[in-house]
Amino acid sequence: MADAAAQMGNVLEIQQGAQILRALGCASSLLSILRAAFKLIDPTNAIFHPVMYLTCLYVLTFSISTLIFEAKPAWIQRIDFADKYQELLIKHCEFLAFMAGRGLFYMFQGTLWLSLCEAGLKFEFLLALTLIAVGCAHVLAHFGVLNHQVATKTKIRHELIVTSPQGSSLPIEFARASQP
């Protein structure tokens, strides 16, 4: 069944690091999500610091995006929205499916947090260093210095034709997730 899915273009491959690297990626992304959400909750930031507010919105979106690539594909497939979002990212931001691309993206997120740092050692600075370190580890894993694996995600799509009482037909696509 996996061979037939591969021939139809329904197999997506995602490079993933060793368990510890994935855990560090998840932890740093979660911390980034929480910190960005904390800054976004304060409505005065939107009024008095609109650039910072917008940057936090970007960081929140980017952190959610990297987080779903560190989880097991089977977990993501259980959450319909996350599954569709991951497929959208693989289609339009293919670099996230590769360790090096995701690593550079982690480093980019780290530099965004550095741009939000004020004077003194703050949580944003430590978070930025963590994201940059996780990004460097991902790049090293991509080039074989650290272990990594390729996870596959298979989607088998079916189409159902629903006919209304008025006689019009409407195709409805639904997916059944399967793990090879």
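**View 1. Helix α2, end to end.** Helix α2 covers residues 19-41, 23 residues in total, and spans 33 Å from first C-alpha to last, close to the 33 Å expected at 1.5 Å a residue (the expected span is 1.5 Å times one less than the number of residues). Helices here are DSSP runs of H or I with at least four residues, numbered from the N terminus. Keep in mind that this is a predicted model, where local features need pLDDT of at least 70, side-chain atom pairs count only at pLDDT 80 or more, and totals for chains, interfaces and linings use all residues. Residues are numbered from 1 along each chain as its sequence is written, and side-chain values use heavy atoms, with hydrogens and water left out.

**View 2. The buried residues of α2.** Among the buried residues of this helix are L21, R22, G25, C26 and K39 (buried is under 20% relative accessible area, exposed over 50%, partly exposed in between, with a 1.4 Å probe and protein chains only).

**View 3. Helices α7 and α8 side by side.** Helix α7 (residues 99-115) packs against α8 (residues 123-142) at about 165°, with axes 7 Å apart. Axes are lines fitted to C-alpha atoms over the stretch in contact, and angles run from 0 to 180 degrees between N-to-C directions. So the two helices, α7 and α8, are roughly antiparallel (an angle over 145 degrees).

View 4. A74 sits in helix α5 (residues 73-77) and is partly exposed, at 24% relative accessibility.

Definitions and conventions: Angles under 35 degrees count as roughly parallel, over 145 as roughly antiparallel, 65 to 115 as roughly perpendicular and the rest as oblique.
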